[in-house]
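User: I am new to this structure and would like a close look at a single part of it. Please take me through that part slowly.

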Amino acid sequence: MPVAAVGAVEGVGVSEIVVERRMRGFISLTAHPDGCAANVRDQIGVVRAGVDGRYANALVLGSSTGYGLASALAACFGLGAATLGVCFEREPEDAKTGSAGWYNLAEAHRQAAAAGLHLETINGDAFSEAVKDRVIDALRRRFGQLDLVVYSLAAPRRSGPDGESWSSVLKPIGSSHRGKGIDLRRRQVVELSIEPATPEEVDATINVMGGEDWQAWIDCLDDAGLLADGCRTVAYSYIGPRITAPIYRDGTIGEAKKHLEATAGRLRHRLAARGGGAWVAVNKGVVTQASAAIPAVPLYLSILRPVMSEAGVDEEPIDQIVRLFADHLGPGRTPTLDAESRIRLDDRELRDDIQAEVLRRWDAVTSENVGELADLDGYTRAFNQLFGFDVDGIDESLPTDIARVVPSA
Ligand code: NAD
């Protein structure tokens with residue numbers, strides 16, 4: 001694939017438009033390039049202040065948004081690692097904007113080039129053999145052995161090597177679930193009623209979001225001789241509170257996360273023999289495209305965020321990842337593990353005092369008092385910011401160039 005210039009080519013093919021918001025449910029059909037760029041610059045600032053040490057080479061799977069973007073920025077701008085990211089994003093086309101992840105990476109590439117850092121991106125289906133081959137080829141030609149592999153895919157579907165495909169579902173297991181949720185547009189607390197998953201749906205969710213693909217990545221990288229002695233790999237999990245347990249930890253996605261955690265155990269055994277390791281980091285609940293789709297989670301986060309902020313302990317993905325690298329995974333750091341060998345970054349979310357206050361508000365919340373007990377505006381703003389909207393200092397009424405480029409590895 002050709003390596004294109006970063007940013008719009010001066011005077012040629014510059015497509016300036018006023019970007020309009022077009023939200024559909026928990027998806028935004030458009031993204032604002034300037035807002036996304038500002039978000040990325042902010043995150044780079046946090047990384048530069050909080051991460052030190054050096055890794056030579058890092059691979060981040062799911063590098064364009066959420067926890068994976070934060071990980072790629074921390075690896076590249078914090079640890080100075082030559083960083084290869086893989087993501088599945090939409091390029092801009094004529095008057096159609098690209099996706100937020102596209103614009104995030106366009107800015108990350110621009111900043112990396114300006115700082116003399118090595119960042120490359122492969123935009124394609126990370127589950128596929130073709131993308132695995134492209135990654136191996138790129139690593140062989142321009143990187144070298146990896147010190148760090150971050151697995152941060154959040155995907156609704158996966159196709160396997162033999163043409164089979166699976167869709168993940170977000171459902172309880174065993175019995176139906178009735179509980180609170182939020183209709184953000186109408187600002188109404190609603191009752192969710194979700195039927196239990198079939199055994200096939202449980203298996204399909206494990207196939208998409210469990211550890212099989214992480215294992216496949218480590219296997220093919222290892223077979224290609226691309227894991228350095230001491231290589232560390234991490235995948236991200238979530239446990240969450242009792243409130244979301246029926247739909248999250250005890251539901252289909254929780255089964256997938258347990259499979260991911262079991263995979264870490266198998267990989268750790270293998271990598272530890274060469275001075276490295278594999279872990280799952282249990283991260284805190286944050287507003288991302290993936291979490292917005294999980295029933296009950298938007299209401300839970302609308303309550304959690306102000307409670308954690310008032311206690312002075314709220315964190316964004318970038319703060320969590322800085323903590324992950326600084327305390328556990330960076331060069332020379334020894335991860336601190338729980339009884340099940342997991343790194344816990346959800347310690348503040350699950351603190352007794354935080355959860356007691358969240359539970360008090362959760363039990364009391366109704367459509368009438370939701371404005372006092374939850375921060376719906378804050379949640380909506382954080383959600384819009386994922387797509388580059390509502391970002392401080394960005395005038396959305398001005399036209400902007402949407403034809404930004406992510407150089408393709
Ligand atoms: P996200 O939606 O922000 O990011 C998902 C990433 O995966 C993007 O970079 C996207 O391009 C990429 N991706 C999706 N499908 C792909 C494919 N087929 N090929 C290549 N790339 C693909 O998600 P997130 O919330 O940051 O989640 C990342 C991980 O963190 C997940 O494992 C999630 O369960 C975990 N996690 C999330 C939360 C949370 O509250 N958001 C909390 C704890 C753990």
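At roughly what angle do the axes of helix α9 and helix α13 cross, and within what distance do they come?

Analyst: A word of care comes before the details, since the model is a predicted one. Two packed helices are described by the angle between their axes and by the distance between those axes. Here the axes of helix α9, covering residues 297-310, and of helix α13, covering residues 376-386, come within 8 Å and cross at roughly 110°. Because angles of 65 to 115 degrees count as roughly perpendicular, α9 and α13 are described as roughly perpendicular to each other. The crossing of these two helices, α9 and α13, is right-handed. On the α9 side, the contact is made by Pro 298, Leu 301, Ser 302 and Arg 305, while α13 contributes Leu 376, Gly 378, Tyr 379 and Ala 382.

For context elsewhere in the model, the structure holds 1 cavity of 30 Å³ or more, and the largest cavity has a volume of about 30 Å³. The lining of the largest cavity consists of Ser 63, Ala 72, Leu 73, Leu 105, Ala 108, Leu 119 and Thr 121, with at least two residues supplied by each of α2 (66-78), α3 (100-115) and β6 (119-123).

Definitions and conventions: Residues are numbered from 1 along each chain as its sequence is written. This is a predicted model: local features need pLDDT of at least 70, side-chain atom pairs count only at pLDDT 80 or more; totals for chains, interfaces and linings use all residues. Side-chain values use heavy atoms; hydrogens and water are left out. Axes are lines fitted to C-alpha atoms, for helices over the stretch in contact, and angles run from 0 to 180 degrees between N-to-C directions. Helices (H or I, at least four residues) and strands (E, at least two) are DSSP runs, numbered from the N terminus. Angles under 35 degrees count as roughly parallel, over 145 as roughly antiparallel, 65 to 115 as roughly perpendicular and the rest as oblique. A crossing is left-handed if the near helix is turned anticlockwise from the far one by less than a right angle, and right-handed if clockwise. Contact means heavy atoms within 4.5 Å. On a 1 Å grid over the protein atoms alone, a cavity is a set of points where a 1.4 Å probe fits but cannot get out, and a pocket is an open set with protein on both sides within 12 Å along at least five of seven lines; lining residues have an atom within 4 Å of a point. Grid points are joined across faces, edges and corners, and a volume is the space filled by probe spheres set on the points.
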